Number of protein chains: 2
Amino acid sequence: MFSIGAASRKTGIKIPTIRYYETEGLASPSERSSGNQRRYSPPDIARLTFIKHARDLGLKLDDIRELLHLSANPDQPCAVANKIAADHLVAVQERIAKLQALETELSRIAHGCTGKTVGECYVIEALSDHALCQQGH
Amino acid sequence: MFSIGAASRKTGIKIPTIRYYETEGLASPSERSSGNQRRYSPPDIARLTFIKHARDLGLKLDDIRELLHLSANPDQPCAVANKIAADHLVAVQERIAKLQALETELSRIAHGCTGKTVGECYVIEALSDHALCQQGH
DNA sequence: TCTTGAAGCTCTAGTTACTAGAGAGACTAT
DNA sequence: ATAGTCTCTCTAGTAACTAGAGCTTCAAGA
């Protein structure tokens, strides 16, 4: 049995976040001490690790909730789990594409300024003047 | 002079968001009608466009606040504006790198599952078992 | 056994950038 | 004048935490 501090160290999740996950119904300690402190069993820790891993991958808590529910029923078809992962992959790929477009424009803006004062600053100008933007939002 | 609806159409910012920016002190209409409705002048619209453009680039409202403040004082050195843009560029580049790493892992997870039920589902397994993760968070 | 300092408890409120909805008033075209 | 659209303010909700107050419990040493 581990205290919340030990659970935090083992999983890399901050203490208040572990408590927050509990209020969200994602992971509760299986016991409390006589003085009402949380006590985590190894399976509790594994559940937290699962959540941490999924969060690191950028999955939403709602998705994680569903995956946890699925993993508690090992006889169900895993199509749902695959769909969650595949959908998220697509979302990540889209975000990468968008960010790369932004990078291009930002790079142009941030490197294009040779002025000394704001009056002739390309950064300000580029943000003010839509025509300077090559990608036309 | 434009109504808030016209301002919204011209800038592409939703009406409630325009009002929100006003509560945040970013952009207020220069007048109100006799019936207390917002009336935006062309410079007001330009300011909203500046904000929209900067938001599309992912700048935070606090950064935009500072840039607006700077652009109101054209005699100031533009080093601050450059720094905001350059810092943001670095942040975007870092996010791209992280997302690409995630994409690799997610792709492996999402495509690796050949099982039929959750019990043998690679998605669930990969999230549960740290050892399967090649990048070691 | 006592004590002390670290760790834990609950609860409330704040963060970011909006979004939704209620209920009332204003504007415009016929 | 009136219908229909637009706008007003205000409150509360969203995601995923984070910070702080004020209090209690735990573990280790004297």
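Predicted model: local features only at pLDDT ≥ 70, side-chain atom pairs only at ≥ 80, totals over all residues.

Colleague: Which residues make up domain 1 and domain 2 of chain A?

Modeller: The domain assignment puts 1-76 in domain 1 and 92-137 in domain 2.

Colleague: On to the interface. How many residues of chain B are in contact with chain A?

Modeller: 50 residues of chain B, and they touch 50 residues of chain A. On the chain B side, α3 (42-56), α4 (61-71), α5 and α6 (122-128) each supply at least two residues.

Colleague: Which one gives the most?

Modeller: α5(B), with 19 residues.

Colleague: And how does that side divide into nonpolar, polar and charged?

Modeller: The chain B side has 27 nonpolar residues, 17 polar and six charged.

Colleague: What rotation superposes chain B on chain A?

Modeller: One of 180°, with 0.0 Å of shift along its axis and an RMSD of 0.1 Å. The two copies are therefore related as by a two-fold rotation axis.

Colleague: Which residue of chain B comes closest to that axis?

Modeller: B:Ile96, whose C-alpha is at 2.9 Å. The copies also meet through the same surface, because 100% of the interface residues of chain B are interface residues in chain A too.

Colleague: New topic: B:Val90. Buried or exposed?

Modeller: Exposed, because B:Val90 has 11 other C-beta atoms within 10 Å, and 12 or fewer counts as exposed. B:Val90 sits in helix α5 (residues 79-112) of chain B.

Colleague: Where is B:Leu26 relative to B:Val90?

Modeller: Their C-alpha atoms are 25 Å apart, and 64 residues separate B:Leu26 and B:Val90 along the chain.

Key: Residues numbered from 1 in each chain as written. Chains lettered and ligands numbered in written order. Domains from an automatic or database assignment. Helix = DSSP H or I, 4+ residues; strand = E, 2+ residues; numbered from the N terminus. Buried ≥ 20, exposed ≤ 12 C-beta atoms within 10 Å, placed from the backbone. Contact = placed C-beta atoms within 7 Å. Nonpolar A, V, L, I, M, F, W, Y, C, P; charged D, E, K, R; others polar. Least-squares fit on C-alpha atoms with pLDDT ≥ 70 in both.
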